[in-house]
Amino acid sequence: MFAKAPSHSTALGPGCAGPPLANPQQLSSAQASAHERGSHQPSCGAAPFAVDASMLRSTGSQPHKHTQSPYVTGSSVLAITYAGGVMLASDTLASYGSTKRYKSVQRLVKVNDSTVLGAGGEISDLQFILNMLDDLKTEDYCADDGQSLSSQELYSYLSRVMYNRRNKMDPLWNSLIIAGLEGGKPFLGSVNMIGVAFSDDHLATGFGNHLARPLFRKRHRPDMSEEEATALIREALEVCYYRDKQSINKFQIAKVTASEGVSISEPFALPTKWEYKAFVDPTRNAVGVW
Amino acid sequence: MFRNQYDTDVVTWSPQGRIHQVEYAMEAVKQGSTAVALKSNTHVVLATLNRADSELTSSLQKIFKVDDHLGIAASGLISDGRSLCKFMRSECLNHRYVYESAMPVTRLVREVADNAQVCTQRSWKRPYGVGLLVAGHDKSGPRLFYCCPSGNYYEYLAHAIGGRSQAARTYLERKHEEYPDASLDGLIGHALQALSASLAEGELTATSCNIAYVGRDQDFKELDEASLQPYIQALRDAEGGDGGGGADGAAPMES
Amino acid sequence: MAAPPLQLHTPASIGPASGPGDIKSRPAWSPYDDNGGTCVAVAGSDYCIVAASTRLSTGFSILTRDCSKLFQISEQVYIASAGFQADIRALQKMLQTRNVMYQHIHRKPMSASALAQLLGNNLYYKRFFPYFTWNLCVGLDPEGKGSVYTYDPVGSFERVGYSCQGSGKDLIQPVLDNQLKAASPLVLPSENWMTALPLEQAQDLVRDAFVSAGERDIYTGDCVEILTITTGGVHRETLDLKKD
């Protein structure tokens, strides 16, 4: 008689079923001892990766550490409203310092049927935030009363979360844009790592605030058609890509509309042109440089 | 209901499968005065009876505003009702602080019921001795719930609790088809009718009852004596004037 | 090496990563920012004016042109706040919550003087990690006279006849001193410090003050909200300022 296999892997938590994890193989004794040491023996014979467990334990001599600087970061997120909807855009890069470390990270995330979250800044903090939002969604699901949080409620919630973490001097290192429809009307809200929160017709985080928002201020109208909005967002993305070192030509655009709900595009590239004179010979007209 | 050897604490079952202490708590609700609630497609109305025990005392406050979108009417041990009201107010305030929106009525009622349930399962606790009619309006429209000491809660179109509430319920059941499309004034009229049906003796007056309502674009509001008077007058006219009450329909404001 | 005190005016920035032996060096980020903005309030014998610009800035960037710095507590009581916007919001939410609790208990809204004391207490309570906010508490007193309370970030406050707070304070306050001609608080017996200016002139003064501040202060601009509180109600007007 075999014990019934659990429906999910305890290692991964509920809902992550997979045959190998659901039915862990018995470890050989050598593996088992390696396992106990907290290391993994690669089959290729390379040096094992090991985590010194004592580093994870909080000891009396080591103070509890707060985030002092971000490690893996995303760059700008752009967002505008248009007639009947909101549109967000960002690239899919997560940089490690100036290394283009992860090139297919989705930074625009559907939160519920009427809300999208876009995030710049520390990617691990973003994943932590998404876990919290998932918990909220689960609560809504369990209550089973057909009610879910609106974009404005999520915006308010996230502004409290970010502000509370800054009060603890342990900030979540992100700039967030919450976008959705609030009672049929487009809504955009922005929250940053110290809890400054505001809403506007067009928003951008990071470099986008310097590069894209001047464009938005000149060209954006709340009654734009979807085509106009797409054209504006693509132009802003292009400008950001030309001038923001930490960006790549792989973008996603998210929309929230009353008719179609949330849709997030597949990644795409923009046509670029690098033959501009300023790009070919950037110092030609600059006096006093080499 | 009689005493027996299985009712000394809340954690002991009787052989019939009953928790006598919880049933006693349910009885406590009936010791209170009548509270009536009913709703239309747009509004919910709460009505309570005020019984002053003596000429020299005031009556207890039985309707409590919890938040702009929600209020309760209590029957039974009103002190327990006040403590639950305090809890509900802080829950609503917390929700507003975090989400900047009104707390959904269903979620609040669930919290209250969960609170009450704990008291039915701990030897050192006493179940609440109060029934709450919870009237609220949120994104899902007007909602009316009854929370009882057992930790159960039910949603109603119209309900009455407290002593002699059976007569009020009978009235509410007889007329329930009219409620969904009723105006606010009509709803208040029905509430007063139901309340007066439960009266042991005497007549309903503006001092012997309280009315509160909440609805679409209408914050929870308790009527004061002066604004209640016309409704009482209308009730009198309807009761006394089946023969010719319609003639002096304008009379309510004069008294 | 002792940690230097946190600097209020340093915007959040990513500093150089600290070395392993340098754990106690200055944090690479600041929990504070200065989002700018200017608030003005004038108390008259039968009115009270409160006004605030709507630009929200950080460093040399404008975050939004339309962020109200006025917050209504009850029908005739407002607070106006400039400084760090996240702290402003936290403060407003806290006062809002306290006002609801006050109303549940007392069955009436908070008066300007009650709110003034509450605000002072709460700013003082947080004095070792202050709300970086410059506040005015504004309303009518029980006699219907305008009342203005002016604060520093750690809770010192005083009832005055007029006041200005925020980034444009240095430009506007001397003009108010000059134009509203309040009696010196040193004069004995004390004289009424409330302005004798008629309502329309006071409104004009406030408008001029903001237009002038908008010329020289980069944190004041875009728009100004002006509320006039009288026993008859609250009148709201907006005045566009330069957007540069």
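## Two helices of chain C

Which residues in α1(C) meet Leu115(C), Leu118(C), Leu119(C) and Asn122(C) in α2(C)? In this predicted model, the residues on the α1(C) side are Met94(C), Leu95(C) and Arg98(C). The helix they face, α2(C), runs through residues 112–125 of chain C, and the two helices pack at an angle of about 130 degrees, with their axes 11 Å apart. Since an angle counts as roughly antiparallel only when it is over 145 degrees, α1(C) is therefore described as oblique to α2(C).

The crossing of α1(C) past α2(C) is right-handed. When the residues of this contact are sorted by class, five are nonpolar, one is polar and one is charged.

On the side of α3(C), the contact is made by Leu171(C), Ile172(C), Val175(C), Leu176(C) and Gln179(C), while α4(C) contributes Leu205(C), Ala209(C), Ser212(C), Ala213(C) and Arg216(C). Taken together, the residues of this contact comprise seven nonpolar, two polar and one charged.

## Where chain B meets chain C

Helix α1(C) also takes part in a pairing with a helix of another chain, for the axes of α2(B) and α1(C) come within 10 Å and cross at roughly 155 degrees. That crossing angle makes α2(B) roughly antiparallel to α1(C), and α2(B) passes α1(C) in a right-handed crossing.

From α2(B), the residues Arg89(B), Leu93(B) and Tyr97(B) meet Lys93(C), Thr97(C), Val100(C) and His104(C) of α1(C). By class, this contact between the two chains has three nonpolar, two polar and two charged residues.

## Where chain C meets chain A

Chain C has a further partner in chain A, and in this case 20 residues of chain C are in contact with 15 residues of chain A. On the chain C side, the elements that give two or more residues are β4, at residues 61–64, and α1, at residues 85–106. Of the elements on this side, α1(C) gives the most, with four residues. The chain C residues that touch chain A divide into 12 nonpolar, five polar and three charged.

Chain A itself has nine helices and 15 strands. Of its 290 residues, 36% are buried. Among contacts in chain A between residues at least 6 apart in sequence, 59% join residues that are at least 24 apart.

## Two residues with positive phi

Most residues other than glycine have a negative phi, which gives a reason to look carefully at exceptions. One of them is Asp144(A), whose phi is near 55 degrees; this residue lies in the loop between α4 (123–143) and α5 (151–167) of chain A. Asp144(A) has 8 other C-beta atoms within 10 Å, and a residue with 12 or fewer counts as exposed, so Asp144(A) is exposed.

Another is Glu100(B), which also has a phi near 55 degrees and is found in the loop between α2 (78–99) and α3 (105–118) of chain B. Glu100(B) is partly exposed, because 16 other C-beta atoms lie within 10 Å, a count that falls between the limits for exposed and buried residues.

Leaving aside residues up to four places away in sequence, Leu144(B) touches Ala37(B), Lys39(B), Val44(B), Ala135(B), Glu155(B) and Tyr156(B). The C-alpha atoms of Leu144(B) and Leu70(B) are separated by 9.9 Å, although these two residues are 74 residues apart along the chain.

Elsewhere in chain B, an unreviewed UniProt entry places the annotation "domain: Proteasome alpha-type subunits" on residues 6–28. Over this stretch of the model, the chain is 39% helix and 0% strand, and the end C-alpha atoms are 18 Å apart.

Methods
Residues are numbered from 1 along each chain as its sequence is written. Chains are lettered from A and ligands numbered from 1 in the order in which they are written. This is a predicted model: local features need pLDDT of at least 70, side-chain atom pairs count only at pLDDT 80 or more; totals for chains, interfaces and linings use all residues. UniProt positions are given in the numbering used here, feature names are shortened, and annotations may be inferred rather than shown by experiment. Two residues are in contact if their C-beta atoms, placed from the backbone, lie within 7 Å. Ala, Val, Leu, Ile, Met, Phe, Trp, Tyr, Cys and Pro count as nonpolar, Asp, Glu, Lys and Arg as charged, and the others, Gly among them, as polar. A residue is buried if 20 or more other C-beta atoms lie within 10 Å of its own, exposed if 12 or fewer, and partly exposed in between; C-beta atoms are placed from the backbone. Axes are lines fitted to C-alpha atoms, for helices over the stretch in contact, and angles run from 0 to 180 degrees between N-to-C directions. Angles under 35 degrees count as roughly parallel, over 145 as roughly antiparallel, 65 to 115 as roughly perpendicular and the rest as oblique. A crossing is left-handed if the near helix is turned anticlockwise from the far one by less than a right angle, and right-handed if clockwise.
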